[in-house]
Amino acid sequence: MFTTILVPTDGSELADKAVRAAVEFAKSLQGRIVGLAVAAPYPYSPLAEPVFLPDPVTYDKGVLEVAQVYADRVKAAAEQAGVPCETFTALATDPAKEIVDTAARQGCDVVFMASHGRHGIQKLFLGSVTQKVLALSTLPVLVFR
């Protein structure tokens, strides 16, 4: 049975839907939640003019602080329901790989995550983290839309 649920979040309303479902599910099974928020690192380009670029250290620190806010929301929802929860933030260029790797490191049984359902050109250029997780993961993935 599923006792350890990974819930990756991007802070969106749709991700919050996955969080609520995961917390309810974990509570009913006396399980635990692992929350994860992945931030994209500084988008360094060797072709860019250094004069126009923000400081990479400051940038990475800022995106990790935002990710921590998102992870804290997962923890708060779990704690309010009396569900044990541990949260993590990560700086990664490939969020899907980080999600799958975190699930493995934390001994998760299932992933509850949102999919924004991008179509057309948005899907082509932005890709789908959820689709990549589905392709990479050996765990069941419950997708919320």
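The buried residues of α3 (buried meaning under 20% relative accessible area, with a 1.4 Å probe and protein chains only) are covered by elements including β1 (4–8), β2 (32–39), β3 (85–91), β4 (110–114) and α5 (129–136). This is a predicted model, in which local features need pLDDT of at least 70 and side-chain atom pairs count only at pLDDT 80 or more, while totals for chains, interfaces and linings use all residues. Residues are numbered from 1 along each chain as its sequence is written, and side-chain values use heavy atoms, leaving out hydrogens and water. Helices (H or I, at least four residues) and strands (E, at least two) are DSSP runs numbered from the N terminus. Within helix α3 (residues 95–105), the buried residues are Ala96, Glu98, Ile99, Val100, Thr102 and Ala103. Just after α3 comes Gly107, with a positive phi of about 65 degrees.

Turning to the interior, a nonpolar core is a set of buried Ala, Val, Leu, Ile, Met, Phe, Trp, Tyr and Cys residues joined through side-chain atoms within 4.5 Å. The largest one has 15 residues, of which Ile5, Val7, Ile33 and Phe112 touch the most other members. Two or more residues each come from β1, α1 (13–29), α2 (56–80) and β4, and α1 gives the largest share, 5 residues. Another core, of 13 residues, lies apart from it and includes Ala90, Ala96, Val100 and Val111.

Rings of Phe, Tyr and Trp (its six-membered ring) pair if their centres lie within 6.5 Å, with planes under 30 degrees apart counted as stacked, over 60 as edge-to-face and the rest as tilted. The whole structure holds 4 such pairs. Phe2 and Phe25 form a tilted one, 6.3 Å centre to centre with 45 degrees between the planes.

Terms used: Buried < 20%, exposed > 50% of the residue type's maximum accessible area, 1.4 Å probe, protein only. Contact = heavy atoms within 4.5 Å.
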